[in-house]
Amino acid sequence: MRKLEQVAIWMGDGHVTGWSGREDSLEAGWERHRPAVFGVAYRLLGSVADAEDVAQDVWLRAAGSDLRDISDLRAWLVTVAARRSYDILKSARFRLETYVGPWLPEPLLTGPDASQPVLVDESVSSAMLLIMEELSPPERVAFVLHDVFGFEFGKIAEVLDVSVPSARQLASRARRRVAKEKQSMPQASKAERERVLKVFRAAYEAGDLVGLVRLLHPNAVYITDGGGKVSAARKAIHGGERVAEVMVRVGQQWHPDRIDFAEVGGELALVFYREGQVFSVDTVQITDGLITAYRRVINPDKLARF
């Protein structure tokens, strides 16, 4: 997995300098590094709302701290964000156990339509976030900090309050589990994803049951996250024909105003509108030209910031 690059260093005189030698204020340094702060929090928590709260906490901590002895502002900010996210992640386990119905990550708008710069790689896709959700909190922190952000194990050990060998072991164990899961879901190319989703949208809008069945893998799974806030299936639905039947029925009930494309988590996704408002954000897993997993977020709390 590509490690996200460092882009600035904190100078002892209280200014930020990038590799270009520019000097800016703390505010400028924060704007430069905020995508990394938000990025580590979102990858750990799978929630835009929680990641924004973490970013705000980190900014307040930075603004109230003496940073003259900090040699690397980016590392300091990301470390603070990781520690705060780790605390939330541990408590979030209980929240997920009591969550109504299936849980899916909160959709993160990326690409040219995103309101804030976002560091994008495969670790922000819904599929990868769901894989990482199966890791223990320490494994997830170690994996994200080392494999995504390139942190040394000494710093990771400090965040997790463990020994360096333990931090290395946590990252290695997480990496093996992630690799094993990824082998079972090879990524479709951007062109293939666009082709399949265009055909799918046309079939969905037409209520074409046969057309949908052709696009769905025989063992396809359909997951809806309503969070108990709106009507949604409480369990995953399995089987291409069954999924297609449910989609046609739901489409007839919803009567969406329109279905648009958007980049979500670095991948093309579908956005459904009703009465001019976002009603659902749908991401898919595609293998060999067929949809193997269809994930639909309709929990209004997860769509409020989209």
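Which residues of H4 are buried? In this predicted model, the buried residues of the helix are Ser126, Ala127, Met128, Leu129, Ile131, Met132 and Glu133, and H4 is accordingly described as mostly covered, with seven of its eight residues buried.

Part of the surroundings of this helix is supplied by its packing partner. Two packed helices are described by the angle between their axes and the distance between the axes. For helix H4 (residues 126-133) and helix H5 (residues 137-148), the angle is about 135° and the axes lie 9 Å apart. H4 is therefore oblique to H5, since an angle counts as roughly antiparallel over 145 degrees and as roughly perpendicular from 65 to 115. On the side of H4 the contact is made by Met128, Leu129, Met132 and Glu133, and on the side of H5 by Arg140, Phe143 and Val144. Classified by residue type, the residues of this contact comprise five nonpolar and two charged members, with no polar ones.

The UniProt record, an unreviewed entry, carries the annotation "domain: RNA polymerase sigma factor 70 region 4 type" for residues 128-177.

Most residues other than glycine have a negative phi. Asp161, although not a glycine, has a positive phi of about 60°; the residue is found in the loop between helix H6 (153-160) and helix H7 (164-183). With a relative accessible area of 70%, Asp161 is exposed. His255, likewise a residue other than glycine, has a positive phi near 50°, and its position is in the loop between helix H10 (240-254) and strand E6 (258-264). The relative accessible area of His255 is 57%, so that this residue also counts as exposed.

When neighbours within four places in sequence are left aside, Gly39 is in contact with Arg34 and Phe149. The C-alpha atoms of Gly39 and Pro117 are 9.8 Å apart in space, while the two residues are 78 residues apart in sequence. Arg61, in turn, is found in helix H2 (residues 48-63), and at 44% relative accessibility it counts as partly exposed. Not counting residues up to four places away in sequence, Arg61 touches Trp76 and Val80; for Val80, which is 19 residues from Arg61 along the chain, the separation between the C-alpha atoms of the pair is 8.5 Å.

A further position belongs to a strand. Ser280 lies in strand E8 (residues 277-287) and has a relative accessible area of 0%; because buried means under 20%, this serine is assigned to the buried class. Its side chain is joined to that of Asp282 by a polar contact of 3.1 Å. Apart from neighbours within four places in sequence, the residues in contact with Ser280 are Trp254, Leu270, Val271, Phe272, Arg296, Val297, Ile298 and Leu303.

Conventions
Residues numbered from 1 in each chain as written. Predicted model: local features only at pLDDT ≥ 70, side-chain atom pairs only at ≥ 80, totals over all residues. Heavy atoms only, no water. Helix = DSSP H or I, 4+ residues; strand = E, 2+ residues; numbered from the N terminus. Buried < 20%, exposed > 50% of the residue type's maximum accessible area, 1.4 Å probe, protein only. Polar contact = N/O pair within 3.5 Å; in protein donor to acceptor, adjacent residues only side chain to side chain. Contact = heavy atoms within 4.5 Å. UniProt positions renumbered as here; feature names shortened; annotations may be inferred. Axes fitted to C-alpha atoms, helices over the stretch in contact; angles between N-to-C directions. Parallel < 35°, antiparallel > 145°, perpendicular 65-115°, else oblique. Nonpolar A, V, L, I, M, F, W, Y, C, P; charged D, E, K, R; others polar.
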